[in-house]
Every structure is written in structure tokens, then in C-alpha cells.
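Here's a quick tour for anyone opening this one up for the first time.

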Amino acid sequence: MWVELLLLVLVVLVAVVIARLGDLFAAAMLTGIFSLLCAGLYTIMDAVDVAFTEAAVGAGITTVLFLGALGMTSTAERQQRFRWRPLLVVVLTGGALMWGTSDMPAFGDPAAPIHHHVEPEYLEGAASDIHVANVVTAVLASYRGYDTLGEVTVVFTAAVGVMLLLGRAAGGAARHWRRGADRSLGVSEGAAEPGELRDAPMLMREKPVLRVSVRLLIPFILLFALYVQAHGDFGPGGGFQAGVIFAAGLILFGLIFDPQAVARVFPPAVAETLIAVGVLLYGGTGVATLLLGGKFLDYDEFGLASGQHYGILAVELGVGIAVAATMVRLYFAFSALHPEDVVEPQ
Amino acid sequence: MSAPAMGGHWVTWMIVLVLLIGLYTLIAHDNLIKKIMGLNIFQSAVVLLYVSMGTVTGGTPPVLLEPTAGVTEPVLYSNPVPHVLMLTAIVVGVAITALALAIVVRIQGAYGTIEEDEIGAIEMRHDEAQSRA
Amino acid sequence: MSEHLPILQVVLPLLAAPLCVLLRQGGLVRWFASAVAWVTFAIAVVLLRATLGGAELSYAIGDWAPPIGIEYRVNLPSAFVAAVVAAIAAVVLTFDSRGSATRLAMRRRYLFYAAYLLCLAGLLGMAISGDAFNVFVFLEISSLATYSLVSIGKERRALMSAFSYLIMGTLGGTFFLLGVGMLYVQTGTLNMADLAQRLDAVSGTRTVSLGFALIVIGLSIKLAVFPLHQWLPNAYTYAPPKAAAFLAGTATKVSYWVLVRFVFLVFGASYAFDQMRLDLLLMPLSLLAMFVGALAAAYQRDLRRLLAYSSISQVGYMTLGFSFANREGLTAGLVHMLNHGLAKSALFLAVACIAYRAGTTDISALRGIGRRMPFTSLAFVIGGMSLVGVPGTAGFITKWHLVLAAFDRGLPAVGFAVLLSSLLAVAYVWRLVETAYFSSGDDGGRAGGGSPGGEPRAAVLEAPLGMLLPMTVLMAATVVFGLWTRYSAGIAGDAAAFLLGVAP
């Protein structure tokens with residue numbers, strides 16, 4: 001209980017600092033810390049899968065996205081003056097929330113209704129129907145597998161939106177690519193437009209410690225991603241986390257060396273295709289069960305003994321592919337803007 | 001681990017505080033990227049709230065344990081359902097962040113600023129110039 | 001296969017979107033997306049027919065019986081909403097915007113269609129899902145697609161509009177999620193039918209009251225209830241015309257239905273109206289929306305903005321009907337989803353035609369447009385008449401039921417307010433009629449604004465057929481459903497009876 005409170009106090013403090021900080025670059029780094037603290041809280045609250053995801057997404061991807069966006073905009077927030085009306089809204093909301101939650105079951109109460117309706121059937125069924133040790137995976141991929149199809153679709157939708165906005169990075173455009181990359185995540189080559197970028201006296205790829213450690217780390221990161229992909233049945237992990245970690249490995253390489261090097265291995269057009277393939281793999285699994293005569297996403301159609309296993313394997317793979325490809329594609333979008341694709345509106 | 005000693009709702013109310021900090025940042029700040037950071041904090045608080053609902057005092061993470069010889073007492077697991085829901089919510093959050101940042105990058109290109117009040121002023125001048133023309 | 005239609009209705013457009021990305025070829029994708037939208041509409045019609053007798057179709061996804069698994073539950077009102085959304089989506093998608101709609105490069109146009117189909121899938125999923133959390137997931141799918149669609153409008157203001165919409169929409173979505181969490185923590189279930197049963201025992205708790213408030217506020221943002229409507233005018237004004245026509249006809253309607261569904265089928269009318277007194281809040285706000293929206297519309301200089309503000313007033317009619325909580329009122333609210341959706345989509349398409357030929361949507365620059373584009377202008381006037389509620393148009397049917405509902409509730413003053421607000425609608429519709437027909441086109445040159453040819457008798461230059469046809473279809477439907485109401489107000493009346501739990 002005390003650990004929870006200590007971490008929560010830290011979370012509050014970091015949140016306040018993020019809100020107050022005028023240096024957006026520092027604030028972006030702090031959002032990473034914020035996520036790590038949250039991940040710590042999730043772990044203590046027994047939500048290991050959520051912690052894993054938060055660490056990978058919040059501390060990893062979101063921070064990279066913020067830094068990329070900051071590289072293309074500006075890193076200083078103008079002094080924000082205090083405003084009364086928002087404070088009033090916040091106070092009212094806070095009052096309502098505290099009033100409303102005051103007769104909620106207490107934190108950690110084993111008698112709370114949510115532990116006695118529906119949930120016990122998941123705990124039993126995960127062992128007897130689905131044969132999966134990690135109940136989160138059982139619920140995520142099978143009992144509520146349709147939500148997860150929706151989740152992959154959300155990721156896909158965001159990818160479509162970002163591609164609509166930030167241009168297509170396929171082929172050609174190497175010249176712009178170079179410039180765009182240097183202007184953002186690869187950190188500037190010093191003499192960029194004044195006021196737009198922070199001073200970077202030295203390119204990251206010229207720092208030997210970074211070069212060597214990254215080269216050593218990346219194979220392990222990618223390997224770990226595959227392990228996480230396969231391990232979701234037995235412990236925390238699964239397609240989403242694996243996809244993020246895989247992408248993080250590639251993004252790390254791009255950050256230290258050159259986004260273009262990543263683009264040669266994993267061209268943006270391929271990433272775009274793979275996002276769609278991932279979604280279709282998930283949805284296709286559902287269509288396959290339909291064609292076999294069952295309900296949508298009823299994996300029992302793949303065989304009573306281990307059909308659930310095959311089904312979960314297929315959809316988790318779909319999630320992994322779609323997420324990894326999306327994250328890489330987002331990274332490209334935020335590290336290079338393609339002027340010939342983007343016609344500035346009048 | 002003495003849950004009742006803390007009055008039962010302190011965790012929830014600390015989380016509400018986090019939510020409010022995010023909400024204030026979101027609506028009071030002019031800087032669009034700062035707004036998105038506020039949105040992130042706001043959404044994280046909701047995730048924290050859900051996850052805290054699923055916690056059972058003395059429970060273990062919902063990964064089924066092999067029965068151990070000699071132990072007959074059932075294992076107490078924390079509730080996996082909020083975890084599943086919040087995995088989805090975190091993903092929704094990062095999707096929204098990515099899209100919002102992409103829009104902000106384009107706003108910078110179109111207006112040369114990402115401060116909401118400055119953009120408003122630019123549009124106002126634009127409108128006035130048009131109505132005079 | 002017919003038992004799988006509920007899921008196919010949503011999964012078809014959902015999986016067609018990634019296929020658009022794989023096909024990638026602009027022209028091909030356009031035909032593919034249109035075909036998918038029409039098939040989706042056909043499925044929606046079959047489902048609507050299946051529920052006409054009052055039957056409820058439950059589809060257990062993954063074959064996990066609800067509340068363990070996620071359930072799609074198609075009943076008369078949800079099938080009606082899905083059919084309206086699918087119909088408008090299909091007709092609008094057929095509209096040939098001739099590359100004038102967005103600032104997208106031609107070879108990236110397939111992304112527009114992917115986003116469009118995702119939005120459709122999200123809206124349909126919201127309409128028929130029987131699981132509270134699943135509604136959130138599909139709400140976010142449709143929302144993210146919507147923000148993307150708005151952001152690619154031609155003017156740079158589209159970007160800021162999309163951003164504001166994203167912030168407000170996400171706030172709404174997150175409030176909704178928080179509200180669902182409050183219900184979940186007291187009941188342990190996410191299935192709506194199961195929630196309805198289990199909420200009775202805990203309906204006195206503050207947690208459930210908070211959940212109710214959060215869900216109502218969250219959805220009110222998404223459906224632009226006054227004063228939470230600020231995102232709407234800019235979003236619909238600066239979105240690409242085709243996207244605006246689709247969204248203006250569908251997006252707020254689906255949120256409206258989700259709110260109605262939660263109030264009547266989850267919380268129950270007696271909880272919402274007797275215990276929480278939702279009507280005391282919603283009725284004044286609806287009345288304000290009707291007047292403020294119409295008044296603001298009358299002062300707009302841009303045709304698109306005029307229509308967007310009129311939407312706020314029209315949402316006011318829908319929520320007013322809902323706030324009566326009686327059969328006539330609900331009938332009005334539900335049928336207005338169709339009546340307003342058709343008229344508003346048609347009007348935005350008409351504006352797209354005008355923008356394509358005249359190059360502007362500034363009302364003062366459109367003098368004499370009635371002679372240069374007689375057909376489009378006529379269509380615009382018919383749509384405007386439906387907004388006013390002139391007999392013979394669909395809008396009249398709504399107002400008729402609204403007035404009946406007001407008298408049923410013993411609130412004749414509210415009924416007169418409905419009539420009075422219609423007069424305000426006349427004011428904003430008349431502005432265009434006057435400009436189009438009663439100010440001569442020869443001073444169009446002085447007004448500037450790109451009216452081609454300053455001669456006294458400008459040549460007729462109508463929009464191409466690929467634009468006129470979809471607009472005409474929607475506009476004709478507006479007239480048809482103004483005269484023949486068996487499949488509009490008739491269904492809405494039965495749906496209202498279903499929601500209130502009385503015999504149709």
C-alpha cells in the first residue's frame with residue numbers, strides 16, 4: 001500500500017512538472033519517466049501485461065513520436081498565463097469524480113462485484129477451455145477477441161491518418177528524405193534554421209559508445225521481440241508488446257545511425273503493406289472460422305483440442321505484424337516530411 | 001499491505017488528481033503539443049483507475065500457477081478483465097497521440113506556430129483582410 | 001450465412017479498408033469502396049427487415065455466450081440507425097468529387113477511401129454492439145477516421161478544426177470510457193443487457209450516478225449537444241465536401257442512438273428521467289440549441305458554415321424529442337436521424353456542386369446562382385425546406401411528431417417553441433434563396449468571388465452528372481419520406497415502442 005502511494009505521489013509530481021515545464025523537449029522526456037512510473041504502479045497492482053505495454057508504448061514509442069514532432073515544430077512553449085475558467089471546469093470535474101467514487105468498492109477489496117461476476121468464468125475457462133496460463137491472453141485474444149480486432153483497427157486507422165497527413169515516404173525522394181531526417185529524429189547537423197532545433201554539437205552516430213552498444217543491443221531486442229510474441233500464452237506478452245519491441249529495435253537503429261538505413265531494410269511501402277496484412281490476418285482468421293461453419297472468431301472450428309491455440313497464435317501474429325509495421329511507419333512519418341507529397345494549403 | 005488502514009479510497013483519489021492535472025493542461029494551455037501531453041496524462045489516469053479496480057489485496061497477477069503439492073488453498077488472482085480493457089485503451093491512446101502530433105506538424109507548416117491563440121489571431125487578421133478586399 | 005449478417009455488416013467495411021491499402025490504385029479503390037458500401041447497405045436492409053416484427057437478433061462473437069463474450073444485438077432501432085448510416089455512406093461515396101475534394105495527391109487517394117470505410121465500420125459497430133466497452137472501441141475507430149478525414153480539407157483551417165475536434169472528441173470518448181468503468185465496477189459486467197439487469201440492485205450508489213453523468217456528458221460531446229457543440233461548425237465547414245456530407249448525415253446520429261440506447265435499454269427510463277431528471281437538463285439545452293443554432297446559421301457568410309450551424313439546431317430537435325421520454329417524442333427523435341441525415345447530406349453535396357462550379361461557397365459571391373445552376377439550386381431549396389419543416393418534406397414529419405409529443409407531455413409552450421424555431425430556419429434558408437434567385441447575376445462581377453462571366457445572362461453550367469445524381473437521390477428521398485412515412489416514421493414509431501417496452 002505504501003509503495004503504491006509513494007509511486008502515485010511521484011506520478012503526480014512528474015505530471016505537474018510536465019504541465020509547468022516550458023521546455024517541451026524536457027517535458028517529452030519526462031512523459032517517458034511518467035510512463036515508467038505508471039508501469040511500476042501497474043506491476044504492483046498485478047497488471048503485468050499492462051505494465052509491459054505501458055513501458056514499451058509510453059516510455060518508448062510515444063516519446064519518440066513527441067521528439068519527432070518537436071523536431072519538426074518548436075521546442076519552446078510560450079509562457080502560459082493562468083486561466084480561471086479551465087480551473088473551474090477541473091475543480092467541478094474533480095469534485096464530481098471524488099463524490100462519485102466515494103462509495104466505490106475500496107482499493108483491493110476482494111469482495112468487489114467485478115471479482116464475482118463473469119471474471120471467475122474467465123479464470124476457470126482459461127485453463128479448461130483455452131488451455132492458456134495467462135488469463136489476460138485468453139480474454140484478450142479469445143473471449144474478447146473482437147475488441148482486439150477493433151484495437152488493431154484503431155492502430156491501422158491512426159496509420160492511415162498519419163499517412164494522409166505526413167505524406168508518403170515510398171521510393172524516390174532520397175534528397176528530401178536526407179534533409180527531413182536530419183531535421184528531426186536523427187538530430188540536426190548543427191547548422192539548421194535558428195530557433196527550430198536544439199543545438200546538437202555532435203551527431204549521435206559519431207559517439208562511439210552509442211554506436212557500439214546499439215549494434216550489440218539490436219539483435220537481442222529483435223530476438224526478445226520474437227520471444228515475447230511466442231510467450232504470450234504463458235506469461236506477460238503477446239503480439240502488441242512484441243510488435244512494439246521489434247519496432248523499437250529498428251527505431252533505435254534509425255535514431256543512432258540513419259533512418260534511411262532502416263528504410264533500406266524495411267521500406268516504408270513494405271511497412272504500409274504489412275500494416276494492412278496484419279489487420280487482414282486477424283480479420284481473416286475470423287472469416288476462416290465463418291467459412292468453417294462457426295461464429296466469427298470461434299477458434300474451436302480449427303479443432304476442439306487445440307483450435308483455440310491456433311486461433312490465438314494467428315491473431316497474435318496479426319497484431320504483432322500490424323503493430324510493428326505501424327510503429328516503424330509512424331517513425332518514418334515523423335522523421336521525414338516529403339514536400340512533394342504535401343501541398344501546403346492556402 | 002494493510003488496505004483498510006488507508007481508508008480505502010486514497011489510491012482512487014490520487015489517481016483522480018493525476019486526471020485533473022492532465023485535464024487542466026489539456027484545456028488551459030495554448031501550446032498544442034502541451035495539450036497533447038495533457039491528454040496523455042488524462043488518459044493514463046483513466047488506465048490507472050481501471051487497473052486499480054482489478055487489484056485484489058494479497059492477489060497475484062492473473063497468470064495461472066501450476067498446482068503445488070501440499071497447497072490446497074486456492075490461489076487468489078487479481079482481475080484480468082480491467083487489464084485486457086486497458087491494453088486496448090493504451091493502444092487507442094498512442095493512436096490518438098500519433099494522429100494529433102501529425103496534425104500539429106502540419107499546423108506548424110501552415111501557420112508557422114503551434115500556439116492556439118496565435119493561430120486564432122492569424123485567422124482573424126486573414127478574415128479582416130478578406131472582408132476589406 | 002444469414003445468421004452471420006450482423007457481424008458481416010461491420011466486418012465487411014472494416015476489412016475492406018486494409019484491402020484498399022493493398023490495392024492502392026486510386027480509381028480501382030474508388031469502385032471497390034463504393035461496391036463495399038452498397039453491399040453493406042444491402043445487409044443493413046436485410047437486417048432491418050428481419051427486425052421489423054420486433055425480433056432481436058443476438059450474435060455471440062467467438063461463440064462465447066454473452067456476457068462472457070462480446071455480443072452484437074440488432075433490434076429495430078439499431079437496425080434502423082445502421083440502415084440510415086449505410087444508405088447515406090453508400091450514396092455519398094458514389095458522389096464523384098472530381099479530385100476537387102481534398103488536397104491529396106491523386107496517388108494517395110486510396111487512403112481517403114480506407115479512412116471512409118473505417119469510419120463507416122466504426123459507426124455501424126457503435127450502432128449494433130451490445131457490449132459497452134466494444135462501443136468505446138468502435139467509437140474510437142470512427143473518431144480517428146473522422147479526424148483524419150476532416151484534416152485533409154483544402155483550406156489550412158481544416159487542420160486546426162481537426163485538431164480541436166480530436167481534443168473534444170477524445171475528451172468525450174474518455175469520459176464515456178470512465179463512465180463505463182463506473183458501471184463495471186459496481187456490476188462486474190460490460191454486456192448492456194446484463195448491465196440493465198444488474199444495475200437495478202446498485203442504482204442508488206453514487207458510483208452509478210457518476211457513471212450515468214459521465215456517459216451522458218461523453219456522448220453529448222460526440223453528438224454536439226449545446227453547449228458542447230463548439231467542435232462541430234468548423235469540422236463540417238472545412239472537411240472535404242464528400243467527407244462533410246457523410247459525417248454531417250451520420251456521425252452525430254449514431255452517438256445520439258448510443259445515448260438513447262444507454263438511457264432506455266441500460267439505465268432504464270425511470271432511472272434516467274425520474275431519478276436523475278435528465279429531462280430537466282436536456283429539454284432547456286435542446287431548446288437553446290434550436291434557437292442559438294438557427295440564429296447563428298442566419299448570420300453566416302459561408303454556405304458550409306450555415307449548414308453546420310443549422311446542424312446544431314437540428315440536433316436540438318433530436319434531443320428535444322428524446323427529453324420528452326414519451327412515444328411521440330422518441331419517434332420524432334429517431335425519425336429525425338433519417339430525415340435530417342438525408343437532407344443535410346444532400347445539402348452538403350449540393351454545396352460541393354456549387355463549390356465545384358462557382359469556386360466559392362461565400363454566399364455573397366453566389367448571386368444569380370439559381371439561373372446558372374438551376375437544378376442544384378432547386379435541390380438546395382428543397383433541402384432547406386426540409387430543414388424548415390415545410391409540409392411535403394421529411395422535416396415536417398419530425399416537427400409534427402415533436403409538437404404532438406409536447407402536447408402529450410402537457411407542455412404546449414414547447415410545441416410553440418418548435419414552430420417558432422422553424423421561422424428562424426426560414427430566415428437562414430431564405431438568405432440563399434434570395435441570393436440565388438432574386439439578385440441578378442450581372443452584379444456577380446462586382447461581388448468578385450469567381451463567378452465566371454459577367455454577362456447579364458450567364459450560361460447554364462450545371463455540375464457533372466456524377467455529382468448531381470447522388471445529390472438527387474438523397475433529395476428525392478427527402479421528399480418521398482415527407483409524403484410516405486411507412487418506412488420512416490412508421491419504423492421509428494415501432495422502435496420507440498420497443499424502447500419504451502410497450503406494444504407497437
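Chain A has 13 helices and zero strands, so far as this predicted model goes. Read along the sequence, that gives the pattern α-α-α-α-α-α-α-α-α-α-α-α-α.

**Chain A on its own**
- Chain A runs to 346 residues, and 55% of them are buried.
- Take the contacts in chain A with a separation of 6 or more: 72% of them link residues 24 or more positions apart.

**Where chain A meets chain B**
- This contact brings together 84 residues of chain A and 76 residues of chain B.
- On the chain A side, several helices each supply at least two residues, including H1 (2–20), H2 (24–44), H4 (84–101) and H13 (307–335).
- The largest share on that side comes from H3(A), with twelve residues.
- Sorted by class, the side of chain A that touches chain B has 55 nonpolar, 17 polar and twelve charged residues.

**Where chain C meets chain B**
- Here 21 residues of chain C come up against 26 residues of chain B.
- Helices H5 (132–151) and H6 (157–187) of chain C each give at least two residues to the chain C side.
- H6(C) provides the largest share of that side, at 13 residues.
- The class count for the side of chain C that touches chain B is 13 nonpolar, five polar and three charged residues.

**A closer look at C:Leu177**
- You'll find C:Leu177 in helix H6 of chain C.
- Is C:Leu177 buried or exposed? With 29 other C-beta atoms within 10 Å, C:Leu177 passes the cut-off of 20 or more and therefore counts as buried.
- Setting aside neighbours within four places in sequence, C:Leu177 is in contact with B:Val46, B:Ala89 and C:Phe136.
- C:Ala379 is 202 residues away from C:Leu177 along the chain, and their C-alpha atoms are separated by 41 Å.

**Helix H3 of chain B**
- H3(B) covers residues 80–111, and its end C-alpha atoms are 46 Å apart, in agreement with the 46 Å its 32 residues should span at 1.5 Å a residue.
- This helix is mostly covered, with 28 of its 32 residues buried.
- Just after H3(B) comes B:Gly112, which takes a positive phi of about 75 degrees.

**Helix H18 of chain C**
- H18(C) takes in residues 412–438, 27 residues in total, and reaches 37 Å from first C-alpha to last, close to the expected 39 Å.
- There's a kink in H18(C) of about 30 degrees, centred on C:Val429.
- C:Val429 is also one of the buried residues of H18(C), and others among them are C:Val414, C:Leu424, C:Tyr428 and C:Arg431.
- The buried residues of H18(C) pack against helices H12, H13, H15, H16 and H17 of chain C.

**Two crossing helices in chain C**
- The axes of H3(C) (residues 76–94) and H21(C) (residues 489–500) come within 8 Å and cross at roughly 140 degrees.
- H3(C) and H21(C) are therefore oblique to each other.
- From H3(C), the residues involved are C:Leu76, C:Pro77 and C:Phe80, and among those they meet in H21(C) are C:Ile491, C:Asp494 and C:Phe498.
- By class, the contact of H3(C) with H21(C) has eight nonpolar, no polar and one charged residues.

Definitions and conventions
Residues numbered from 1 in each chain as written. Chains lettered and ligands numbered in written order. Predicted model: local features only at pLDDT ≥ 70, side-chain atom pairs only at ≥ 80, totals over all residues. Axes fitted to C-alpha atoms, helices over the stretch in contact; angles between N-to-C directions. Helix = DSSP H or I, 4+ residues; strand = E, 2+ residues; numbered from the N terminus. Parallel < 35°, antiparallel > 145°, perpendicular 65-115°, else oblique. Contact = placed C-beta atoms within 7 Å. Nonpolar A, V, L, I, M, F, W, Y, C, P; charged D, E, K, R; others polar. Expected span 1.5 Å × (residues − 1). Bend = angle between axes of the 7 residues up to and from the residue. Buried ≥ 20, exposed ≤ 12 C-beta atoms within 10 Å, placed from the backbone.
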